[in-house]
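Please open the structure in a viewer and keep the selection tool at hand.

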Amino acid sequence: MPKPARRMRFTTWRSLATAATAALVAVFLAPAAAHGAPRESTPVYSYENAIRESVWVDTGLDGDGDGKTDRVAVDIVRPRELAQQGRKVPVIMDASPYYSCCGRGNESQLKTYDANGDVVQMPLFYDNYFVPRGYAFVGVDLAGTNRSDGCVDVGGRSDIQSAKAVVDWLNGRAKGYTTRTGADRAKATWTNGRTGMIGKSWDGTIANGVAATGVKGLKTIVPISAISSWYDYYFAKGAPLYDSGPDWLSGYVDSPEATAKCAAVQQKLVDGAPRTGDWTKFWTERDYVKDASKVRASVFLVHGMQDLNVRTKNFGQWWSALAKNGVERKIWLSQTGHVDPFDFRRAAWVDTLHRWFDHELLGYDNGIDDEPMADIERHPDQWATSSVWPPRGTQTTTLRPGTGPQAGVGTLGLRTGSGTAAFTDDPKLSETDWAAHIDRSTPEKAGFVTKPLTQNLRLSGSSKVTVTATPTTSTAHLSAVLVDLGPDTIRDYADGGEGITTLTDRTCWGPSTTGDSSCYKVTQAKKTDVAATVLSRGWADLGNYASDQKGVPLTPGKAYTITLDLAATDHVVPAGHRLALIVAGTDKDLIDPPSTTPTLTLDLSRTSARVPFVGGAKAFARATAGSAAAASTAGLDGVRDPSSALRVPGETR
């Protein structure tokens, strides 16, 4: 977003503050703010003596069909001193389905309660760290989970309303109660209504969805490894990414009460999400990207560029939609898989998050809005920044595959190619296998490679690959991957830790109580040496050639043209390395195979890749001009094959 818009938004909030500086100091925090406006909230309030209470907020829905509107459980931790002085505080909120079934964070913490039903352990460090600094922390059980009524509908109206209703209650627009079934009302008189939502995976997805409603009072969201469109969690242009649907996921997190009451909702999840991969109204309801124009909140987005759970198309399309609508935003991109920044860059993350919330919720002019928009991990624990993202000067460049000295071992450049390349789907092989065999003619893939680069070449953003393919059968799935061919040390994202190793020592982030420790196990980068790195991927069912939303059977022997959306990334291919495009069939463990085993023939004159290079076509031409010594390609090993374990958005790490 252009800088003037960012400053305008902040100035509007700050001008109100300037009109009543003394009042702000009194209302928000301030014992230490006697000399000038504060720039940082400090831990001056007791965590041990904080108020801990539970409220049940009426969502206005009757998802479980029991004739009563559903109430969701809201567990609150807030500073007692400020409450006693009548000072109102902002709220940091994490709405989650995982508080009782599966746990939050790298150590899978659950909520625990005392004999009165008030929360004792609130998972993660947010309450320990921010409550002493004058914030309230609110943990919301999504409808159908833990202590809430209703049913889990996996990103639909019930999920989103579960959290939106709480934002409304915090701003005096919804009803809250002191018990799950009673009539005694609870009002949020202790807050100014300014709310920030945070969460990883499903939790962050809820933050995206609530922001897309445009609800007033939601000032910022921090979605970590989050979904922006649930279709793109389960399918890629008709190609299934998992062998199960949202009904399985709902059953995974349902409370016992929801399991007993929600059979009808479960059936709707089955009926609305057919395994054909066709788009239905079900997916439209769960597409937050289409409503990006409604977003009022700022967005601090975090994602692992090797996340094979919530794949990075989700952040790329959301980021682009937010940019088009002038939303204030910031981004961190790591080399990890599905990992929280608390576990890959802990100290910097806590500091940055602290300053972000101080700025967005307290209105402190701490300079974070003047810092670079993007932090990008280039090598394990080595970070670079960009003032905007993608960087200025990034231009989409069309690359063309051509035939080479061997069948299936072709060239990649700016000139339109000719001829054909053929491959036969082999579901036993993965992108790692394809990259390892890039310089050999093998039957399962077609590979196209640049000359060794004479200078670094940076890709930043989302790519598209258009192929014209003739199948031999009535069904066919396609994969396209971009690969950096050359030696590197990267985070081992295919390992069980997805790029981190958990140690035994602990670091502490705020005060602790007997029942709620702020101390978490230290992590470090899990590294591996590779000779090839897959940097972006995309998939499609060729039967979706005419429509992203509906597939049809193919006619063997007929040519079809389809465009695959490759996931967003930011990667520098170093001088001496090569850039490769590989087109193949089933990507083992990342998409499911078709019902047949097709051979596909590519028309290279009608096949191309549109790649966002910093510097555009000129940068690519310079990097591939002349001669350079190629890095050794002996044994082009990458990471091991991605895990075939059934993934759940947010279960671990």
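Select Met 197 first. Leaving aside neighbours within four places in sequence, Met 197 is in contact (heavy atoms within 4.5 Å) with Met 93, Ala 95, Ala 163, Ile 206, Ala 207, Val 210, Leu 218, Thr 220, Ile 221 and Val 222. Met 197 belongs to strand β8; helices (H or I, at least four residues) and strands (E, at least two) are DSSP runs, numbered from the N terminus. With a relative accessible area of 1%, Met 197 is buried, where buried means under 20% relative accessible area, exposed over 50% and partly exposed in between (1.4 Å probe, protein chains only).

The model is predicted: local features need pLDDT of at least 70 and side-chain atom pairs count only at pLDDT 80 or more, while totals for chains, interfaces and linings use all residues. Residues are numbered from 1 along each chain as its sequence is written, and side-chain values use heavy atoms, with hydrogens and water left out.

Next, display the sheet that contains β8. Eleven strands form an open sheet of mixed pairing, in the order β7-β1-β2-β6-β3-β8-β9-β12-β13-β14-β15; two strands pair if DSSP finds at least two bridges between them. The edge strands, each pairing on one side only, are β7 (176-177) and β15 (382-386). Helix α12 (residues 313-324) packs on the sheet and touches β12 (298-304) and β13 (329-334). The direction of α12 makes about 160 degrees with that of β13; axes are lines fitted to C-alpha atoms, for helices over the stretch in contact, and angles run from 0 to 180 degrees between N-to-C directions. Select β3 (residues 89-96) together with β8 (residues 191-200): the two pair in the parallel sense over four bridges. Within these strands, Val 91 stands opposite Thr 195.

Which residues touch the most other members of the largest nonpolar core? In this core of 101 residues, they are Trp 169, Trp 190, Met 197, Trp 202, Trp 230 and Trp 318. A nonpolar core is a set of buried Ala, Val, Leu, Ile, Met, Phe, Trp, Tyr and Cys residues joined through side-chain atoms within 4.5 Å. Helix α5 (residues 157-170) supplies the largest share of this core, seven residues. Now select Trp 202, whose contacts beyond four places in sequence include Trp 230, Leu 249 and Pro 649. Apart from this core lies another, of 37 residues, among them Leu 399 and Ile 562.

The whole structure holds 34 aromatic pairs; rings of Phe, Tyr and Trp (its six-membered ring) pair if their centres lie within 6.5 Å, and planes under 30 degrees apart count as stacked, over 60 as edge-to-face and the rest as tilted. Phe 300 and Trp 356 form a tilted pair, 5.3 Å centre to centre with 55 degrees between the planes. This pair links strand β12 to helix α13 (residues 346-362), across 56 residues of the chain. Both Phe 300 and Trp 356 are buried.

Finally, select β22 (residues 477-491) and β25, which run antiparallel and are joined by 13 bridges. Asp 484 stands opposite Thr 533 in β25. Is β25 mostly covered or mostly open? Mostly covered: twelve of its 15 residues are buried.
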